[in-house]
Amino acid sequence: MIIGFGVNGQNLASQAQEQNIPYSVIELNGKISTKYLMEGEPMYPGDARSEEVLIRAAVHKARTVVIAVHDAASAEAITIQVRKLNHHAHIIVRSQFASEVETFK
């Protein structure tokens with residue numbers, strides 16, 4: 001599962017597609033999610049900080065969750081929600097600063 005469909009999320013999805021790795025995407029921005037949903041991306045529009053959105057996107061079935069959002073506070077909140085719903089998934093979080101790494105651990 002990819003959370004955030006900016007440049008990093010799109011690059012990851014492209015690589016997953018090339019390797020025939022199934023994935024789904026959660027994207028907060030309505031314009032982006034609508035555009036890519038219409039292009040056939042497995043897109044779930046909404047705020048991944050929301051337990052309801054994560055459940056709708058079946059995060060409980062994900063083996064790996066990549067959190068590729070810009071805001072560290074949002075990434076932390078998403079990480080907490082994902083771990084609450086899926087105790088076994090590998091979680092990879094994009095961070096801008098080395099000082100954020102300990103928080104995500």
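**Notebook: salt bridges and a cavity**

I counted the salt bridges, and the structure holds two. A reminder to myself before going on: this is a predicted model.

**Entry on R49 and D47.** I looked up R49 and found its salt-bridge partner to be D47. The closest N and O atoms of this pair are 2.7 Å apart. Next I asked myself how accessible each partner is. R49 has a relative accessibility of 37%, so I noted R49 as partly exposed. D47 comes out at 23% relative accessible area, and I put it down as partly exposed. Since buried means under 20%, D47 does not count as buried at its 23%.

**Entry on K84 and E51.** Here I found a salt bridge between the side chains of K84 and E51, at 2.9 Å from N to O. K84 is partly exposed at 48%.

**Entry on the cavity.** How many cavities of 30 Å³ or more does a search of the whole structure find? I got one. The volume of the largest cavity is about 30 Å³. I wrote down its lining: G6, V7, N8, A68, H70 and R94. Sorting these lining residues by kind, I have two nonpolar, three polar and one charged.

Key:
Residues numbered from 1 in each chain as written. Predicted model: local features only at pLDDT ≥ 70, side-chain atom pairs only at ≥ 80, totals over all residues. Heavy atoms only, no water. 1 Å grid on protein atoms, 1.4 Å probe; cavity = no way out; pocket = protein on both sides within 12 Å on 5 of 7 lines; lining within 4 Å. Points joined across faces, edges and corners; volume = space filled by probe spheres on them. Nonpolar A, V, L, I, M, F, W, Y, C, P; charged D, E, K, R; others polar. Salt bridge = Lys/Arg side-chain N within 4 Å of Asp/Glu carboxyl O. Buried < 20%, exposed > 50% of the residue type's maximum accessible area, 1.4 Å probe, protein only.
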